[in-house]
Amino acid sequence: MNRTNKLPITIASLGLLLLAATACRADDIEETTNAAAWTPAPPPFQPFTVGAQVGTLGYGGGADWRFLNHLGIGAAFNTFSYDYHGTIESAPYDIHLHLQSEPLTINVYPWTHSSFHISIGALLNQNRLSGSSDETFTINNNTYSSPVLSIKQEAENPYLTIGGNFYFDHGHHVSLGGELGVVYTGEPKVFFTAQNTSGYPNSQYQADVQSELSKIQGYANDFKFWPVVKVSLNVSF
Amino acid sequence: MKNKVSVSLIAALSAALILAVGCASDQLDQQVMQVTKTSDAANNWLRVQVDPSLAPDVAWQKLMDSVTGYYPDLEMIDVPSGYIRSVYTTRQFGQPGAKKSFQVRTRFVCTIASKSPLVYKIKIESEEAGPPYLDWTQFNRVFNQDQQVIEELQSRLGVK
């Protein structure tokens, strides 16, 4: 788990450097262009941007509207599904992971001539993980069967990222974008149940369910801070 | 053109918000629906007329084979009367002891209703209770596995 958590941080750090370089590069290009007197100066930015994106929230699309030199709003939709067989804490499951979220942001652009921005907003979060199986397993050396599990993150989360675009053309119409940040997903809701088919006393069954619930809650808490790393291909107009 | 785009953006934001609010529903209820089913055998005797081509001892063997496949622990078996009762299978929903939590328990019961023609009657007793899980009342759904065993018995024993 620790190794898994460190990977996004490393990627995020590398991405941050890349992003800063990209934003600087965009400014450099602009200065070079302005130096050529016979070329019409490009607009500092295009107000509307739409794009396709992929990243740690899934894949999807997004739109931004930069209505002032230093201010804009943005929205996106990301989704991703994945099925696999795995073990979470004590029990085996056929797991279905479904990521779906919609970031809604206010974008602050510190520099008029740069696409670099800081995005603050909310993530409407429908991420969930569910699993079930017909297998038997043990909790505290007691055998139970048919575990069912679901984990849901909180529905609205604070969202903070930085981002920028690298423009391929003089008119700032086509770009490769990047975004880095974090979402605080709050206290996850965990549901777990298993069948007591062995006739254990109810008190023991409850204690075992409680023990397993606590372990799963701990597992889910590892994802409270969800890294945001996105790459997008954008069209601006 | 730009006005249209901004209207579209606002509409998209509103739709996403409505979608998120609309999807919020009680997780426990969803989970109960996921692991239980309605069944004709829920707290009701369901009669299964055994295929006349099956000898009574063969029918009993098939019955035991199916039942023990789903219920490893049987509380009572009486061969002459064809009576079988499994121990309760219990599922906890929600955190044990929490106010909104509850348990559902079911058990399989079967007996011979008629020897000629051979008819078994089968029932899944299904009950629910909130904390402290002592006051059990009838519940009109059974676990998915309970319904599976009913369907399997109808298929293996019943008149085709």
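Me: What makes β10(A) and strand β12 of chain A, residues 225-236, a pair of strands?

Reply: Eleven bridges join β10(A) to β12(A), and the two run antiparallel; two strands pair if DSSP finds at least two bridges between them, so these strands count as paired. Within this pairing, G177(A) stands opposite S232(A) of β12(A). The model is a predicted one, in which local features need pLDDT of at least 70 and side-chain atom pairs count only at pLDDT 80 or more, while totals for chains, interfaces and linings use all residues. Residues are numbered from 1 along each chain as its sequence is written, and chains are lettered from A and ligands numbered from 1 in the order in which they are written.

Me: Which other strand does β9(A) join to β10(A), and how many bridges are there on each side of β9(A)?

Reply: Eight bridges join β5(A), residues 117-125, to β9(A), residues 156-167, in the antiparallel sense, and nine bridges join β9(A) to β10(A), residues 174-184, again antiparallel. I120(A) stands opposite L160(A) of β9(A), G164(A) faces G178(A) of β10(A), and T161(A) has G181(A) as its bridge partner. The hairpin of β9(A) and β10(A) has six residues between the strands, and there H172(A) takes a positive phi near 60°.

Me: Why are the buried residues of α2(A) said to be on the same side?

Reply: A residue is buried if 20 or more other C-beta atoms lie within 10 Å of its own, exposed if 12 or fewer do, and partly exposed in between, with C-beta atoms placed from the backbone. In α2(A) the buried residues are Y205(A), Q206(A), D208(A), V209(A), E212(A), L213(A), I216(A) and A220(A). They cover an arc of only 160° around the axis, which puts them on the same side of α2(A), the arc being that of the directions from the helix axis to the C-beta atoms. On the other side of α2(A), S203(A), G218(A) and N221(A) are exposed.

Me: What covers the buried residues of α2(A), and what does α2(A) give to the side of chain A that touches chain B?

Reply: The cover includes β3, β7, β8 and β11 of chain A together with β5 of chain B. Two residues are in contact if their C-beta atoms, placed from the backbone, lie within 7 Å, and by that rule the contact takes 28 residues from chain A and 29 residues from chain B. α2(A) gives the most to the side of chain A that touches chain B, with six residues.

Me: What makes the 20 residues around L153(B) a nonpolar core?

Reply: A nonpolar core is a set of buried Ala, Val, Leu, Ile, Met, Phe, Trp, Tyr and Cys residues joined through C-beta atoms within 7 Å. The largest such core has 20 residues, and F108(B), Y120(B), I122(B) and L153(B) have the most contacts inside it. To this core α3, β6, β7, β9 and α4 of chain B each supply at least two residues. Leaving aside neighbours within four places in sequence, L153(B) is in contact with V48(B), L63(B), S66(B) and I122(B). Apart from this core lies another, of 17 residues, among them L129(A), I151(A), Y205(A) and V209(A).

Me: How do you know that the buried residues of α4(B) lie on the same side?

Reply: Q145(B), D146(B), V149(B), I150(B), L153(B) and L157(B) are buried in α4(B). They cover an arc of only 145° around the axis, which puts them on the same side of α4(B).

Methods
Helices (H or I, at least four residues) and strands (E, at least two) are DSSP runs, numbered from the N terminus.
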